[in-house]
Amino acid sequence: MDIARSPRQLGAILRRYRKKGSLTQTDVAAKTQLRQATISALESGETGTQLKTLTDVLAALDLELVVQPRRKSLPSDIEDLI
């Protein structure tokens with residue numbers, strides 16, 4: 001399970017799954033009826049993404065959002081942020 005605590009981390013996860021599915025940003029844009037630049041911005045972790053945009057991209061990548069209580073940070077988590 002991937003954990004994202006920031007827009008940048010979420011964007012990296014989406015990019016990884018997109019590439020794992022052998023999809024380009026243009027492919028995802030076509031599936032979601034969004035612009036390729038919007039997919040790029042989401043993957044880059046730019047702020048201001050609408051929730052509908054996120055859910056459309058998750059659906060296009062056959063992913064779902066799971067919300068759970070935040071766990072205590074481990075030393076390895078801190079290394080990922082640096």
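Tutor: The largest nonpolar core has ten residues: Leu 14, Val 28, Ala 29, Ile 39, Leu 42, Leu 54, Val 57, Leu 58, Ala 60 and Leu 61. A nonpolar core here is a set of buried Ala, Val, Leu, Ile, Met, Phe, Trp, Tyr and Cys residues joined through side-chain atoms within 4.5 Å, and buried means under 20% relative accessible area with a 1.4 Å probe, protein chains only. At least two residues of this core come from each of helix H2 (25-32), helix H3 (36-44) and helix H4 (51-60), and H4 gives the largest share, four residues. Helices are DSSP runs of H or I with at least four residues, numbered from the N terminus.

A word on the model: it is predicted, so local features need pLDDT of at least 70 and side-chain atom pairs count only at pLDDT 80 or more, while totals for chains, interfaces and linings use all residues. Residues are numbered from 1 along each chain as its sequence is written, and side-chain values use heavy atoms, leaving out hydrogens and water.

Now let us follow H3. Its buried residues are Ile 39, Ala 41, Leu 42 and Glu 43, and they pack against H1, H2 and H4. Take Ile 39: leaving aside neighbours within four places in sequence, Ile 39 is in contact (heavy atoms within 4.5 Å) with Gln 25, Val 28, Ala 29, Thr 32, Leu 34 and Val 57. Just after H3, Gly 45 has a positive phi of about 80°.

Definitions and conventions. Buried means under 20% relative accessible area, exposed over 50%, partly exposed in between (1.4 Å probe, protein chains only).
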